[in-house]
Amino acid sequence: MNRTGARALALGAVAVFGLVAGCGQSAGQAPSRGDAVGAAAQQVDRAATGDHSYPLRKSDIPWSGSPSPFDAQVKLTDGRRVAMHYMKAKGLFVQDYSPTAKGWSKPAVVYKTRTEACQGITLKAKDGTVAAFADFGVYCADGEPPTESVAAVAVGPLTKWATHLTKNFDGWEKIVVATGGKKVTFSGGGETLRWTKGTGFPAAPKTATGAGVAS
């Protein structure tokens, strides 16, 4: 073999070795499809678990005395807790407490409105189901009755809340969570509203007293 052929052969060998080494380096930097799927699954799990590194937030609406009716809290049998509070001209917010992380989730909006907060917030929990109702009104601070009554229910990780708005109604007065947490009944003013785990709240919202409320 002449000198030119030997040199070409040597250069070819170096190129092949460099290509193999380069492939190995790329594999180390970029995950395979299986690794990517695993990473995505971990991200979903973290998202489902939620970040519980926040402090408990209180209502910003002034109240003389303690406790304020604009804050409410309930404890579940597994050690978790749910807290709700009104924010002025913003609506109803919720946080849930993780006994493992020993912290609260980021405050999330349950119902957004600029009308005034009315009366207190009622929370009930049983067998993993949490239910609540809260009221708002245009002139509630002046003693007028509510114009917006919100019923809400959450189950499982408590990251999603089903809500039902009732307009021009004096507000719900009582919550009953059935054994097993599969049904919640809201009652007040001779009216009844039901949430079930299979179907949720009734589809049609209430627009006037008595309308759109499940019997």
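How many bridges join strand β2 (residues 81–87) to β3? Seven, and the two strands run antiparallel.

Some ground rules before we go on. This is a predicted model, where local features need pLDDT of at least 70, side-chain atom pairs count only at pLDDT 80 or more, and totals for chains, interfaces and linings use all residues. Residues are numbered from 1 along each chain as its sequence is written, and side-chain values use heavy atoms, with hydrogens and water left out.

Two terms next. Helices (H or I, at least four residues) and strands (E, at least two) are DSSP runs, numbered from the N terminus. Two strands pair if DSSP finds at least two bridges between them.

Back to β2 and β3. R81 stands opposite Y97 in β3. Three residues lie between the strands of this hairpin, and A89 takes a positive phi near 60° there.

Now follow β3, residues 91–98. Is it buried or exposed? Eight of its eight residues are buried. Buried means under 20% relative accessible area, exposed means over 50%, and partly exposed is in between, with a 1.4 Å probe and protein chains only.

With strand β5 (residues 108–112) it pairs in the antiparallel sense, over four bridges. There, K112 is the bridge partner of G91. The hairpin of β3 and β4 has four residues between the strands, and K102 takes a positive phi near 55°.

On to the inside. A nonpolar core is a set of buried Ala, Val, Leu, Ile, Met, Phe, Trp, Tyr and Cys residues joined through side-chain atoms within 4.5 Å. The largest one has 23 residues. Those that touch the most other members are V82, M84, Y86, L92, L123, V130 and W161. At least two residues each come from β1 (71–75), β2, β3, β5, β6 (116–126), β7 (129–137) and β8 (148–155). β7 gives the largest share, four residues. There is also a second, separate core of 13 residues, including A131, A151, F169 and I175.

Look at L92. Contact here means heavy atoms within 4.5 Å.

Next, a loop residue. I61 sits in the loop between α2 (33–49) and β1. Its C-alpha atom is 6.6 Å from that of M87, and the two are 26 residues apart along the chain. Beyond four places in sequence, I61 touches F70, Y86, K88 and A117.

Now charges. How many salt bridges does a search of the whole structure find? One. A salt bridge is a side-chain nitrogen of Lys or Arg within 4 Å of a carboxyl oxygen of Asp or Glu. D78 forms it with R80, and the closest N and O atoms are 2.9 Å apart. D78 counts as partly exposed because its relative accessibility is 45%. R80, at 18%, counts as buried.

Last stop, an open sheet. Its three strands have the order β10-β11-β12, with antiparallel pairing. β10 (174–177) and β12 (191–196) stand at the edges with a single partner strand each, so one side of each has no neighbour in the sheet. Four bridges join β10 to β11 (residues 183–188). V177 stands opposite V184 in β11.
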